[in-house]
Amino acid sequence: MGADSVALQPQFQVLGPFEVRVHDEVLDLGGPRIRTLLALLTANAGRVTTVGTMVEALWGPESPPDAHRTVRSYVSRLRRALAVDRLIVTHPAGYVLRLEPHVVDARRFERLVETGRDALAAGRPADAAEQLSLALRLWRGEAYGEFTVTPVLRAEAARLEGLRLGAVEDRVDADLATGAGVTLVEELTALTGQHPGRERLWGQLMTALYRAGRQAEALDAYLRARTALIERFGLDPSPRLSEIHQQVLDNDARLFGVPAVAPSEPARDDLPGDIADFAGRDAELATLATARAAGRQAVVIQAIDGMAGVGKTTLVVHAAHRFAEHYRDRLFIDLHGHASSHRPVTTMTALDALLRALGVPPDRIPQDPDARAALWRAELATRSVLVVLDNAADAAQVRPLLPGTSRSLTLITSRRRLVDLDATQVVSLDVLPEPDAVALFVSVAGGRTEGSVHEVVALCGHLPLAIRIAAARLRARPAWTVAYLANRLRQAHSPLTEFEAGDRSVAAAFALSYEHLHAPQQRLFRLLGIHPGPDFDAYAAAALAAVDLPEAERLLESLVDDHLLQEPAPGRYRFHDLVRQHARAVAVTDEPEPLRDKALRRVVDYYLHTAHNGSRVLDRQHPPIAVEAADCVPHPMPGSAAAMAWFDVNHLCVLAARTAAEDAGWDTVVWQLAWSLDNFHYRRGHLHDNIASWQVGLAAAERLGDLAVQARAHRRLGLVYAPLGRDEEASLHLRRSLALSGQVGDTVGQAGAHVVLALALTWKKDDQGVLAHLTEARNLYRRSGNTQWEIRVLSMMGAAYTRLGHHVRARAFCESALALCVRHNDSYGQADTLDSLGAITGNTGDHRQALHHHERALALWRDLDNTYRQAGTLAALGDTHRELGEGDQAKQCWQEAIDLYRGQNLHHAADRIAQRSG
């Protein structure tokens, strides 16, 4: 989005009455439903809002039959009202409102709150109070207040209200930190009345009253808080609120911000040295800092988890050094949860070491586990301690080591997700973003910044350990260039061997994680290493490992918990690139080749059977094939929407399965996968992928000597080459298909070849030739009893006649075809025929009727989820709007068509339409 368009973007105000302003003028958005639609897009700005979500929000479960069409009409009206090019962008699944963060008051609010909290965590309370006050002044009333009946917006409003209350509490903390007291009493009295369950507000009120010299009222506030918590919520006051109550009773100077007198014994500092070349992790450090700053109100326990080599210990040590000044004692213990030369440290041993570090005499340390843990908590209750529990094996190992009061900060690192650790905030580390990965490499490599650094960090998978090793090797070899290092990593037969330096090794780190798995987890891990495709679901994993679906789901989730798999979307799993290499290497060494081959065949069969079922669901008219039974459970396909959704998510996996089948010499599977992908490729406009599939499918059929399959492959290649303008190749394949179909006596195949030859001639504007082939196809379909394809041919003949100027005859053909399509419930044929009728009525000057036909066709193409044909119909709609003098609507339709074509990588088609709108 260019600078000019950003400058002209309207301002969206949701923190109060919903308004959209342009040059400080409020836009008239229309009625309640269109306002709800724009509010929904605003709340989801930058992300796809599906048409189904919109329909549910506007009408609930009882939506009218034409709801999807009405939504599209509303979107068109919004585009005209907002009058900014490309602000609402069409996506195959719905629409995206593209907004810069600064034009939405809710996003500005969140950014100011984040800045204020960072300032508070950094010890700058005055700056924090200023930023938080600016954030709170953006509120003009209840967020999304007029949309309380819309569940999605009601949930977003609740989220924002929670953030607002948290910001108020943070601002009060900032004011208290600057010495405020009496000035806060009135505000906090009102807030505790409105939100009696928020203990933090009660603690702030007690502190403010005490500072104002109103000790008795502070004690009364505690009694009111205790009564409200018990009677309304069934809760006792928290330890922190009780602590403030005791401080008020004791006239504790700390309520004025005066630090406690330091104990006489020397402080303990066991932290390892900080990392001089630390890079990135700003967001994670801010999260840790914010949690630490909240430690005055609650126990702070932060668990940092992530895959091997992602930099958990590096981050925690760096954060601990940043926070060190706030704690008298700093303890560090390696629990050896994943170590080759040590067994995990027992809880008893860890407690013994920690208590001794605090100066507890050995004879005072109990031998009973519970008593020892209780003594540890008691010691922490009287001290200000930062504790780092590094490399934890699991929650059971660290649970007895956690504090019970808010004066300490505990930082835990683990390769496992410690989801069963109560009262713990979790930070899951991912690999570094590219700018931070490059910064780390350059820092470790001694400032080397020449050409190929971005490629090197990509080959390292942005994994900090791999980047450090690669950069250290470069620094140690002055003769090497960055380009030479990139070439080594790119061409290495075993890439993981390149990530070894001294006692550091990425492969060794991964191996430790693998060794700690149970046998079923290990087996699935290594088999997933041979899975074709970039990601997978539980169905694919079940086929690969020959286990049932619940077992596959359980094992996958356990591998996610161990950070050996990622879960980028619910139910979808993938490896980090380097972990995939390790899994593949382990499969080669630990899984016998015959078992690997059987596993690969099972998962390829899974993709074949599921894709075949999906293709049959999408088009029952597609000539069926016989797929051999296999030992797998295909993914359920309850309808065409589910089939398209499965293909959208698994497309690359099916292509990879086809490549794996080709490499393995499973020729029947190769061409059957090409057949199974054909419908989806056509609907989505993946013409280039379809060419690649049928090219290898044709080669496989030739190796098998199967003439019928060869005829089909030639026919499908001709169908794809024709719209790409590759006329000679299209004609060659189609003539060959026609000959082979005749050779094997395939009448339907011959008819299909004539249909595709007619389509090819359509692109060359040879409509007499088109009619000759269609007439032959119609006779062949009639001879074979294929009524529905005969009907579709009627529609195509009507389109050809209108291009020749025979409009009356054309209309007769198409109206007859449409009636037959309706009778046979052929949605595809109806849409195709309606487009032809649109062309006919447009050619005869009845553009309003043409618009009606094309709109009906577009609705059917959308119901069929055929984005390729949607684009063509949108282009025709744009042409029709232009003829009617409706320039804005024409441009909108053309732009939607261009977006769809570009999304399908059909830039030549998009460029043709762009010339019309230019």
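**Exercise 1.** Determine whether Trp-861 is buried or exposed in this predicted model.

*Solution.* The relative accessibility of Trp-861 is 0%. Buried means under 20%, so Trp-861 counts as buried.

**Exercise 2.** Describe the aromatic pair that Tyr-828 forms with Trp-861, and state which helices the two residues lie in.

*Solution.* Step one is the geometry: the ring centres are 5.1 Å apart and the planes make an angle of 80°. An angle over 60 degrees counts as edge-to-face, and this pair is edge-to-face. Step two is the location: Tyr-828 belongs to helix H36 (residues 827–843), while Trp-861 belongs to helix H37 (residues 847–863). The pair therefore ties together parts that are 33 residues apart in sequence. Step three is the accessibility: Tyr-828 has a relative accessible area of 17%, so Tyr-828 is buried.

**Exercise 3.** Find how many aromatic pairs the whole structure has, and describe the one formed by Trp-646 and Phe-647.

*Solution.* A search of the whole structure gives 16 aromatic pairs. In the pair of Trp-646 and Phe-647, the centres are 5.3 Å apart with 75° between the planes, which is edge-to-face. Both Trp-646 and Phe-647 are buried. Ring pairs also link these two with Tyr-606, Tyr-607 and Phe-680 into a cluster.

**Exercise 4.** Locate Arg-602 and state which side chain of opposite charge is nearest.

*Solution.* Arg-602 is in helix H26 (residues 593–618). The nearest side chain of opposite charge is Asp-631, 5.8 Å away. A salt bridge requires a distance within 4 Å; Arg-602 is buried yet has none. Among the residues that Arg-602 touches are Arg-523, Leu-544, Asp-631 and Cys-632.

Definitions and conventions
Residues are numbered from 1 along each chain as its sequence is written. This is a predicted model: local features need pLDDT of at least 70, side-chain atom pairs count only at pLDDT 80 or more; totals for chains, interfaces and linings use all residues. Side-chain values use heavy atoms; hydrogens and water are left out. Helices (H or I, at least four residues) and strands (E, at least two) are DSSP runs, numbered from the N terminus. Buried means under 20% relative accessible area, exposed over 50%, partly exposed in between (1.4 Å probe, protein chains only). Lys and Arg count as positive and Asp and Glu as negative; His and the chain ends are not counted. Contact means heavy atoms within 4.5 Å. Rings of Phe, Tyr and Trp (its six-membered ring) pair if their centres lie within 6.5 Å; planes under 30 degrees apart count as stacked, over 60 as edge-to-face and the rest as tilted. Lists of a residue's contacts leave out its neighbours within four places in sequence.
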